[in-house]
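Welcome! Take a moment to look over the chain, and then let us walk through it together, one neighbourhood at a time.

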Amino acid sequence: MEKILIAKNVVKYYQVKASNYSEEKKILKAVDGVSLELSKGETLGIVGESGCGKSTLGKTLLRLHNITAGKVIFKDKNIYDLNHKDLTNLRQQMQMIFQDPFSSLNPRRNIFSTLAQPFKIHTKLTKSEINLKIDSLLKRVGLNPGYKNRYPHQFSGGQRQRIGIARAIALNPELVVCDEAVSALDVSIQAQIINLLMDLQEELNLTYIFIAHDLSVVEFISDRIIVMYLGRIVESASKDELINNRLHPYTKALYEASPGIDPKNRKKDNVILGDVPSPINPPSGCYFQTRCKFKTERCEKEYPPLYDVGNNHKVACFLYEKKAIKHES
Ligand code: ADP
Ligand code: MG
């Protein structure tokens, strides 16, 4: 299948103040060597607790900020090598949907004005042509076109997310990054928005990167899944493979923490305690060792490579060293 996006060893570091009281600068490794590939029309899920670098990775893949190291190839071109004109072009092809459309929708603009913006910037359509486009966009996302003179505060959370989706698909993008796009919504509304995203994917042949902290939601919508911990991939597999065979202790714990799963199926021994350590000062060895009940002395010293355990399933944990058919360091 055609690869639409290839990321190689993507690194994104931030310089941050060591504390509120000092001017000393520290390096925060938000994304630290992530490689991935995306085929046209598929959905890649990215899951991990808050602070694991998911949003930073999403933004880096769309060049919404600079990259520290690594490459992002979109349709055969490194997006960090593009000139201004090509970058403007790229902006139409790659879009992002955020968790909270309330903060990404301008409260002083009505919906018509918000949705007209991309057409004004990127096309030469007349006002009446734009008007028709907006009516069909609103219908497509399940909103009444008669609402277009209303303001963001006059809509519910689910409706605002529909507006965010309409804005993202306005210019027929190829790739859409959905960053916690349903995380703030009630479960029933979540399902409606996920169904809308899946319908639009079929209709418009969209490729998605679906970011969320809830593994059961990610497993539902994705074709393949990447599990991130402190800026790195700890497990990756197809959806079916992962559902049947979650390997990394962190992935198992994420699943147990998922609000969507039946409490009867919850295994208490997979629950992890404590918070994600700071990416400014990650633990020695395996980053997960401070919270892992399988940890050995080796885990405190060495960071495990990504073992390929077959069926395109990779996991960064020494528990699977013997099962590995090969590994990447
Ligand atoms: P996630 O989306 O998985 O919650 P983020 O990508 O938002 O994670 O954040 C990863 C890490 O990078 C966090 O420790 C966060 O505090 C830090 N971070 C994110 N954006 C910035 C920034 N602009 N400046 C400094 N640190 C940041
Ligand atoms: Mg985030």
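## Starting at Ser39

Leaving aside residues up to four places away in sequence, Ser39 touches Met1, Glu2, Lys3, Ile4 and Thr207; a contact here means heavy atoms within 4.5 Å. Ser39 has its place in strand β2, residues 25-39. Helices (H or I, at least four residues) and strands (E, at least two) are DSSP runs, numbered from the N terminus. One of the partners of Ser39 is Ile4: the two are 35 residues apart in sequence, and their C-alpha atoms are 5.4 Å apart in space.

Is Ser39 buried or exposed? Ser39 is buried, with a relative accessible area of 5%. Buried stands for under 20% relative accessible area, exposed for over 50%, and partly exposed for anything in between (1.4 Å probe, protein chains only).

## How to read this model

This is a predicted model, in which local features need pLDDT of at least 70 and side-chain atom pairs count only at pLDDT 80 or more, while totals for chains, interfaces and linings use all residues. Residues are numbered from 1 along each chain as its sequence is written, chains are lettered from A and ligands numbered from 1 in the order in which they are written, and side-chain values use heavy atoms, with hydrogens and water left out.

## The chain as a whole

The chain has eleven helices and 13 strands. Its radius of gyration is 21 Å, close to the 20 Å that the globule rule gives for 329 residues, so the chain is as compact as a globular protein of that length. The radius is taken over C-alpha atoms, and the rule is 2.2 Å times the number of residues to the power 0.38. Along its principal axes, the C-alpha trace spans about 70 × 50 × 50 Å.

Of the 329 residues in the chain, 51% are buried. Among contacts with a separation of 6 or more, 61% are between residues 24 or more positions apart.

In soluble globular proteins, nonpolar side chains tend to be buried together. A nonpolar core is a set of buried Ala, Val, Leu, Ile, Met, Phe, Trp, Tyr and Cys residues joined through side-chain atoms within 4.5 Å. The largest one in this chain has 62 residues, and those with the most contacts inside it are Leu197, Phe210 and Tyr250. Helix α7 (residues 187-204) gives the most to this core, with six residues. A second, separate core of 32 residues includes Ile4, Leu5, Met96 and Ala316.

Which residues does Leu197 touch, not counting those up to four places away in sequence? They are Ile97, Ile165, Cys178, Tyr208, Phe210 and Ile221.

Helix α5 covers residues 127-140, and its 14 residues should span 20 Å at 1.5 Å a residue; the end C-alpha atoms are 20 Å apart, which agrees. The expected span is 1.5 Å times one less than the number of residues.

Buried in α5 are Ile130, Ile134, Asp135, Leu137 and Leu138. Seen down the helix axis, the buried residues fall within an arc of 165°, so they line one face of α5; the arc is that of the directions from the helix axis to the C-beta atoms. These buried residues pack against α4 (111-122) and α6 (157-169). The face turned away from the buried side carries the exposed residues Leu132 and Lys139. After α5 comes Gly142, whose phi is positive, near 80°.

Leu61 is found in helix α1 and is buried, with a relative accessible area of 0%. Beyond residues up to four places away in sequence, Leu61 touches Leu5, Ala7, Leu36, Val72, Ile79, Met94 and Ile209.

Leu105 lies in the loop between α3 (101-104) and α4, and Leu105 is buried too, at 1% relative accessible area.

## Positive phi in two loops

Arg63 has a positive phi of about 55° although it is not a glycine. Arg63 lies in the loop between α1 (54-61) and β4 (69-74), and at 19% relative accessibility it counts as buried.

Asn312, also not a glycine, has a positive phi of about 60°. Asn312 lies in the loop between β11 (306-308) and β12 (314-315), and is exposed, with a relative accessible area of 55%.
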